[in-house]
Amino acid sequence: MTLGEACLALLLLLGAAKDVFSFRLPNWLTLTTAAVALVLVALSAPSHLLPHAGFGLAVFLAGLAAFHFNLLGGGDIKWIAALALWIGPHLDFVRFLLIMGLAGGVLAGIIFVIGRLRPDYGRAEGRMHLPYGVAIAAAGLDFLSRRGHLGQELIGWFAG
């Protein structure tokens, strides 16, 4: 596992945990995720920096529509855009969105059950909150496991 992959894995786990306990994805998480991605892209493939940065901006702008219609929180949108900097304008981003949506559905079911056991969990400002950072992190970990050195190591280990 490279240092960059380790940083991303740590950020994904921290973000998921932070969202579970506080229902917030802090700006330091988004900024660190974005900064590490931009530095790594700039160092490893400088010609990809502009496409990755443009794609991250496009994802953020598209996310504003989801925020406007109250489909996702602001922290979720910012973190998804920061992770788009890692993925870049590839079909892998479609897989990221699909995994995120599937994980979000599973997460909603789990939160529904938790809500039956602890009715106060996730309730604030008169509505129920879903720690969607968990679904975002699951999609990020899927990307990391498939595209990174870790994924190649796991494939080699299982292939034998």
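Biologist: Is Thr-33 buried or exposed in this model?

Modeller: In this predicted model, Thr-33 is found in helix 2, which spans residues 27-44. Its relative accessibility is 1%. A residue under 20% relative accessible area is classed as buried, so Thr-33 counts as buried.

Biologist: Which residues does Thr-33 touch, not counting residues up to four places away in sequence?

Modeller: Thr-33 and Ile-80 are 47 residues apart in sequence, and their C-alpha atoms are 9.8 Å apart in space. With residues up to four places away in sequence not counted, the residues that Thr-33 touches are Leu-11, Trp-79, Ala-82, Leu-83 and Trp-86.

Biologist: How many aromatic pairs does the structure hold, and which residues form the aromatic cluster?

Modeller: The structure holds two aromatic pairs. One of them is edge-to-face and joins Phe-55 to Phe-93, with 5.0 Å centre to centre and 90° between the planes. In the stacked pair, the rings are those of Phe-93 and Phe-96.

Biologist: Why is the pair of Phe-93 and Phe-96 stacked?

Modeller: Both residues lie in helix 5, three residues apart, about one turn of the helix. Phe-93 and Phe-96 are both buried. Planes under 30 degrees apart count as stacked. The ring centres of Phe-93 and Phe-96 are 5.5 Å apart and the planes are at 20°, so the pair is stacked.

Biologist: Are helix 1 and helix 6 roughly parallel or roughly antiparallel to each other?

Modeller: The axes of helix 1 (residues 3-22) and helix 6 (residues 133-147) come within 8 Å and cross at roughly 165°. The crossing is left-handed. Angles over 145 degrees count as roughly antiparallel, and helix 1 and helix 6 are therefore roughly antiparallel.

Biologist: How many nonpolar, polar and charged residues does the contact of helix 1 with helix 6 have?

Modeller: On the side of helix 1, the residues in contact are Glu-5, Leu-8, Ala-9, Leu-12, Leu-13, Ala-16, Asp-19 and Val-20. They meet Gly-133, Val-134, Ala-137, Gly-140, Leu-141 and Leu-144 in helix 6. By class, the contact has 10 nonpolar, two polar and two charged residues.

Methods. Residues numbered from 1 in each chain as written. Predicted model: local features only at pLDDT ≥ 70, side-chain atom pairs only at ≥ 80, totals over all residues. Heavy atoms only, no water. Axes fitted to C-alpha atoms, helices over the stretch in contact; angles between N-to-C directions. Helix = DSSP H or I, 4+ residues; strand = E, 2+ residues; numbered from the N terminus. Parallel < 35°, antiparallel > 145°, perpendicular 65-115°, else oblique. Left-handed = near helix turned anticlockwise from the far one by under 90°. Contact = heavy atoms within 4.5 Å. Nonpolar A, V, L, I, M, F, W, Y, C, P; charged D, E, K, R; others polar. Phe/Tyr/Trp six-rings, centres within 6.5 Å; stacked < 30°, edge-to-face > 60°. Buried < 20%, exposed > 50% of the residue type's maximum accessible area, 1.4 Å probe, protein only.
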